[in-house]
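Please keep the sequence and the model open while reading the points below.

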Amino acid sequence: MMKIEKLVVPPAYKVVSQELEKLILGGTFNPGDQLPSEVELASLFGVNRSTLREGIRHLESEGLVSREGRKRLVITIPDHAELAPRATRSLLMSEVTFKELWEVARALEPVSAGLAAQDATEEDLAHLARNIEQMAVLVENGKPTGDMDLAFHSLLAETTSNRVLLQAREPIGQLLYPPFDLIQLQIPQAPMRNLRAHREIHASLVTRDSERATQWMGRHLDDLKRGWLLAGRSMTDPISQPPSAD
């Protein structure tokens with residue numbers, strides 16, 4: 001007897017979600033446009049409103065649509081900070097190693113610093129300077145600096161206005177920098193070395209010295225690896241969830 005595999009038919013709400021996503025990505029709907037009403041969409045797709053709402057909820061979770069109050073849904077562009085948590089969870093569940101994260105950061109972060117030296121505005125430089133001042137206070141008082149370190153690298157990337165770079169590096173930064181607080185407890189000189197690197201990178205941005213900014217960021221990432229190993233960790237150790245600030 002011939003064996004025939006059963007057809008796997010996706011739920012109706014998924015079909016609705018997929019079709020709406022195609023319309024959005026295909027340019028039928030553009031950012032800022034309002035979607036037709038739920039009644040209209042349900043009629044167009046030939047489904048009931050509960051099925052339609054389930055499909056729309058999926059698009060909302062993807063950041064493709066949003067709703068303000070009782071108004072119609074509006075097409076939105078997902079921000080890199082909104083997309084990062086999903087990628088971060090995936091990396092954590094895959095038990096990626098320090099080596100995997102560090103290798104990619106070692107390639108991306110110097111690029112970020114080099115571009116920032118070309119593109120940083122006076123306002124960008126001021127934001128970075130405030131971050132460094134706040135980090136200096138934490139270092140002086142022996143407090144964890146992981147959050148400030150992460151913020152510095154994120155601010156630096158944002159000065160480039162390169163959306164591909166922002167989306168590529170954000171989940172890596174979310175995992176790679178905060179856990180280093182635990183390493184700093186074993187290496188007293190680490191916070192001051194990090195602070196110095198940030199100051200040197202900022203100084204390079206002020207003088208528009210892209211090459212120097214790139215070099216200092218490379219040294220900064222090499223120092224991160226060195227600290228990890230000096231703390232008795234292995235390059236193949238999986239990265240764990242950053243500790244909660246609570």
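Helices here are DSSP runs of H or I with at least four residues, strands are runs of E with at least two, and both are numbered from the N terminus. The model is predicted, so local features need pLDDT of at least 70 and side-chain atom pairs count only at pLDDT 80 or more, while totals for chains, interfaces and linings use all residues. Residues are numbered from 1 along each chain as its sequence is written, and side-chain values use heavy atoms, with hydrogens and water left out.

- His-58 is part of helix α3, which covers residues 49-61.
- With a relative accessible area of 33%, His-58 is partly exposed; buried means under 20%, exposed over 50%, and partly exposed in between, using a 1.4 Å probe and protein chains only.
- Gly-46 is 12 residues away from His-58 in sequence, and their C-alpha atoms are 18 Å apart in space.
- Arg-57 also has its place in helix α3, and its relative accessibility of 46% makes Arg-57 partly exposed.
- Between the C-alpha atoms of Arg-57 and Thr-236 there are 39 Å, and the two residues are 179 apart along the chain.

**Salt bridges**

- The structure contains 14 salt bridges, where a salt bridge is a side-chain nitrogen of Lys or Arg within 4 Å of a carboxyl oxygen of Asp or Glu.
- One of them joins Glu-38 and Arg-49, with 3.2 Å between the closest N and O atoms. Glu-38 belongs to helix α2 (residues 38-45) and Arg-49 to helix α3, so this pair ties together parts 11 residues apart in sequence.
- Glu-38 counts as buried because its relative accessibility is 15%, whereas Arg-49, with a relative accessible area of 39%, is partly exposed.
- Another salt bridge links the side chains of Asp-222 and Arg-106, at 2.8 Å from N to O. Asp-222 sits in helix α11 (residues 210-230) and Arg-106 in helix α5 (residues 98-119), so parts that are 116 residues apart in sequence are tied together.
- Asp-222 is partly exposed at a relative accessible area of 27%, and Arg-106 is partly exposed at 29% relative accessibility.
- Asp-237 pairs with Arg-233 in a salt bridge whose closest N and O atoms are 3.1 Å apart; Arg-233 counts as partly exposed at 29% relative accessibility.

**Helix packing**

- Two packed helices are described by the angle between their axes and the distance between the axes. Axes are lines fitted to C-alpha atoms, for helices over the stretch in contact, and angles run from 0 to 180 degrees between N-to-C directions.
- Helix α2 and helix α3 have axes that come within 9 Å and cross at roughly 100 degrees. α2 and α3 are therefore roughly perpendicular; angles of 65 to 115 degrees count as such, those under 35 as roughly parallel, those over 145 as roughly antiparallel and the rest as oblique.
- On the α2 side, Glu-38, Val-39, Leu-41, Ala-42 and Phe-45 meet Arg-49, Leu-52, Arg-53 and Ile-56 of α3, where contact means heavy atoms within 4.5 Å.
- The contact of α2 with α3 consists of 6 nonpolar, no polar and 3 charged residues. Ala, Val, Leu, Ile, Met, Phe, Trp, Tyr, Cys and Pro count as nonpolar, Asp, Glu, Lys and Arg as charged, and the others, Gly among them, as polar.
- Helix α7 (residues 146-160) packs against helix α10 (residues 190-206) at an angle of about 20 degrees, and their axes are 11 Å apart. α7 and α10 are therefore roughly parallel to each other.
- Asp-149, Phe-152, His-153 and Leu-156 of α7 make this contact with Asn-194, His-198, Ile-201 and Leu-205 of α10.
- The residues of the contact of α7 with α10 are 4 nonpolar, 3 polar and 1 charged.

**Positive phi in loops**

- Glu-95 is not a glycine, yet has a positive phi of about 55 degrees. Glu-95 lies in the loop between α4 (80-93) and α5, and counts as exposed at 56% relative accessibility.
- Arg-208, also a residue other than glycine, has a positive phi near 60 degrees. The loop between α10 and α11 holds Arg-208, which is partly exposed with a relative accessible area of 40%.
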